[in-house]
Amino acid sequence: MAMKKSRAATIVKPTRKGGVDEWLALAGVKRSKEVLLFKRVSEELKTQEGLDNETRWSIGKEIECRQWNPTGSECGAGKFHAVPAPCLADEFRDSDGDKYIAILVARKDLHAWPNPQYPNKIAFRKGKVMYECDRNGNKI
């Protein structure tokens with residue numbers, strides 16, 4: 001869709017198909033059966049601290065969302081969230097002592113929204129916490 005704003009300016013809004021394949025391509029993540037994604041967690045490796053959906057992201061453990069419902073909304077319960085690079089998780093957490101983790105997720109367990117409010121974020125049902133890393137993805 002294109003909108004002519006002046007003789008010298010046209011705004012072109014790209015159309016998106018949406019879905020996991022498009023998200024992987026736009027995020028620069030190699031499309032395969034499993035993908036490595038990242039999350040920022042507390043110093044104790046937790047997210048949603050003190051809430052009903054508090055999760056502990058222990059290294060080496062497979063974590064599964066209890067009430068998988070990715071289509072209800074982009075934010076909130078019913079899904080886990082991850083990003084394609086650790087530094088992109090800074091948009092969602094900024095507490096002192098936070099850590100970054102790498103999570104291996106099966107492609108079939110991913111969900112991407114059409115026209116997302118947060119285009120760097122993807123939902124996942126379950127994944128294995130592989131290791132702690134720095135904000136550039138280097139294993140610690």
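Q: Which residues is histidine 111 in contact with, leaving aside its neighbours within four places in sequence?
A: Contact means heavy atoms within 4.5 Å, and in this predicted model histidine 111 is in contact with Val20, Trp68, Pro70, Thr71, Ile122 and Ala123, once neighbours within four places in sequence are left aside. Residues are numbered from 1 along each chain as its sequence is written, and side-chain values use heavy atoms, without hydrogens and water. Because the model is predicted, local features need pLDDT of at least 70 and side-chain atom pairs count only at pLDDT 80 or more, whereas totals for chains, interfaces and linings use all residues.

Q: Is histidine 111 buried or exposed?
A: Buried means under 20% relative accessible area, exposed over 50%, and partly exposed in between, with a 1.4 Å probe and protein chains only. Histidine 111 has a relative accessible area of 17%, so it is buried.

Q: Where does asparagine 53 lie?
A: Strands are DSSP runs of E with at least two residues, and helices are runs of H or I with at least four, numbered from the N terminus. Asparagine 53 lies in the loop between β4 (46-47) and β5 (55-56), and because its relative accessible area is 26%, asparagine 53 is partly exposed.

Q: How many residues has the largest nonpolar core?
A: A nonpolar core is a set of buried Ala, Val, Leu, Ile, Met, Phe, Trp, Tyr and Cys residues joined through side-chain atoms within 4.5 Å. The largest one has 21 residues, and Leu110 is among those with the most contacts inside it.
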